[in-house]
Amino acid sequence: EPDLKMPPTATTGGPEGPEQMVRALISGFDAMLDAENDLGVHGHLVNFTATFSYAICGACNTFSDKPALGQIAVLDDAMRNPSKYGYEPKNDISAAYLARFTHSFNTQNPATDLQHQFLDDYVANFPGTPVYIGEYHRVPANQTEDLAVIFSIAEAEPLFLGISFFQYQVAYWKEGSEMEFGMFGFGDYVVQDMPYFSKTYKIFCLDPVDHAPSGMTMPDAVARAFGGEAVDTSVLCVPNPLGVNLTQDGFEQIVVQESIAQAELFVQRMIHHMGATVNDKVALRDAVKVLAQGNDATFSNLAATLGSKPVWLDFDSKAKCVANRNVAPSAIGQAIGWTCQHAGFSCDDIPAHCNNTYRIGDYVFSRYYGELRGYINPLVSCYSDGAAVYATSRRFLANGWARQCVQGAGDLPEQSTEVGALQDVVLPPVGDVARASP
């Protein structure tokens with residue numbers, strides 16, 4: 001909302017306010033075009049916007065009694081006539097504006113205000129430039145009804161592209177009415193502790209905000225308005241089967257939820273960790289119903305059943321122990337340190353092209369696992385508190401670096417990508433610190 005900031009009096013002061021605002025905007029637009037030219041960006045180029053408030057710009061020369069239109073009008077004029085505003089562009093910003101710009105504004109006004117307050121004049125004066133609402137949420141309204149109105153307007157008016165609903169999470173750092181827009185608040189359950197530089201932050205679960213006017217939660221009301229599915233709130237503030245440890249304790253955290261769907265996710269994750277895939281989903285569901293309920297609901301029984309290689313599982317003989325891309329680099333680094341201390345090879349010989357924490361993990365974990373002899377259980381020897389995973393070849397070969405860093409991967413044939421493929425994470429190179437002991 002540059003009209004509230006560049007300067008703060010752009011809409012309420014003298015005529016110099018809007019001029020300063022648009023000069024800053026067209027300069028920034030020109031700079032973006034410059035950056036594209038410097039980097040050789042070409043092809044299908046992105047569009048640009050400047051999202052104004054829904055304030056009335058009394059300082060603007062035109063539409064000084066209509067919300068948002070005055071700001072849009074002065075920006076339109078500046079884009080077409082930059083020298084009029086004391087700016088000489090380096091690029092043809094007028095042509096770029098006509099080809100790549102979309103106007104936008106934020107509002108919490110009722111949907112029924114939009115047509116007569118804004119759209120009628122906008123369509124008549126800016127017929128070549130589409131517009132959308134960057135932040136839309138009428139707090140006291142029944143969202144299923146209010147959003148239905150605004151969607152009908154978008155369907156009827158080609159220039160109006162629609163809305164972005166505001167907002168996903170309650171803004172706890174704000175005060176007063178600014179905290180009324182979020183669809184989700186925080187629950188009491190801590191999903192995970194997140195290390196961030198020198199501090200550790202608690203990541204709380206999401207708790208849907210109740211929405212009395214619609215008689216349902218806010219996420220459900222918005223989902224219904226958009227024609228989507230309601231949120232399964234039963235799984236938001238309980239242990240996640242995709243995140244708990246693959247241990248008895250982790251299994252118990254899932255079993256106690258008495259949800260076959262949650263238990264099935266845990267079992268599928270465990271299967272993937274054992275270098276296998278499911279070939280019969282019905283058989284999997286039947287097995288989960290037995291293994292996740294009653295006296296048989298123990299991790300040892302689950303591991304024994306999967307380890308017996310039932311016919312509804314396919315085990316990959318070319319599976320490898322590699323770094324798990326779903327955990328933080330710090331956890332991978334600690335596991336690398338422990339493994340290097342116990343391995344029969346030197347971690348000083350890690351190739352230079354294995355140049356980030358995950359790739360180093362691929363090199364170290366695959367070689368350590370390859371050295372083991374006798375009965376080897378990937379749930380024990382390729383786990384490291386979740387830092388390592390015994391992945392099928394289709395999963396780890398989706399990462400282009402795997403052939404250079406995973407032991408024995410170079411000679412494997414090309415394969416199609418599997419769902420859940422371990423795509424590499426782009427990280428800066430790591431030095432000796434990442435290879436230190438935990």
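A disulfide here is a pair of cysteine sulfur atoms within 2.5 Å. The close-ups below show a predicted model, in which local features need pLDDT of at least 70 and side-chain atom pairs count only at pLDDT 80 or more, while totals for chains, interfaces and linings use all residues. Residues are numbered from 1 along each chain as its sequence is written, and side-chain values use heavy atoms, with hydrogens and water left out.

**View 1. Cysteine 354 is linked to cysteine 405 by a disulfide.** Welcome to the first close-up. The two sulfur atoms lie 2.2 Å apart. Because cysteine 354 sits in the loop between helix H11 (329–342) and helix H12 (357–371) and cysteine 405 in helix H15 (residues 402–405), the pair ties together parts that are 51 residues apart in sequence. Helices (DSSP runs of H or I, at least four residues) and strands (runs of E, at least two) are numbered from the N terminus. The angle about the S-S bond is -120°, and the link is left-handed. Cysteine 354 and cysteine 405 are both buried; buried means under 20% relative accessible area, exposed means over 50%, and partly exposed is in between (1.4 Å probe, protein chains only).

View 2. Cysteine 340 counts as buried because its relative accessibility is 17%, and cysteine 347 counts as buried because its value is 10%. The whole structure holds 5 disulfides. Counting bonded cysteines along the chain, their pattern is 1-2, 3-4, 5-9, 6-7, 8-10.

**View 3. Helix H5 (residues 143–156) meets helix H6 (residues 218–226).** Their axes come within 9 Å and cross at roughly 30°, which means that H5 is roughly parallel to H6. Axes are lines fitted to C-alpha atoms, for helices over the stretch in contact, and angles run from 0 to 180 degrees between N-to-C directions; under 35 degrees counts as roughly parallel, over 145 as roughly antiparallel, 65 to 115 as roughly perpendicular, and the rest as oblique. Look for Gln143, Thr144, Leu147 and Phe151 in H5, which meet H6 residues including Met218, Ala221 and Arg224; contact means heavy atoms within 4.5 Å. Also in H5 is glutamate 155, which counts as exposed because its relative accessibility is 71%.

**View 4. Phenylalanine 63 and alanine 68 have positive phi values.** Most residues other than glycine have a negative phi, and most peptide bonds are trans. Phi is near 50° in phenylalanine 63 and about 70° in alanine 68. Phenylalanine 63 belongs to the loop between strand S1 (51–52) and helix H2 (69–80), and alanine 68 is also placed in the loop between S1 and H2. Phenylalanine 63 counts as buried because its relative accessibility is 19%, and alanine 68 is buried at 0%.

View 5. Glutamine 167 is in the loop between strand S4 (160–165) and strand S5 (184–196).
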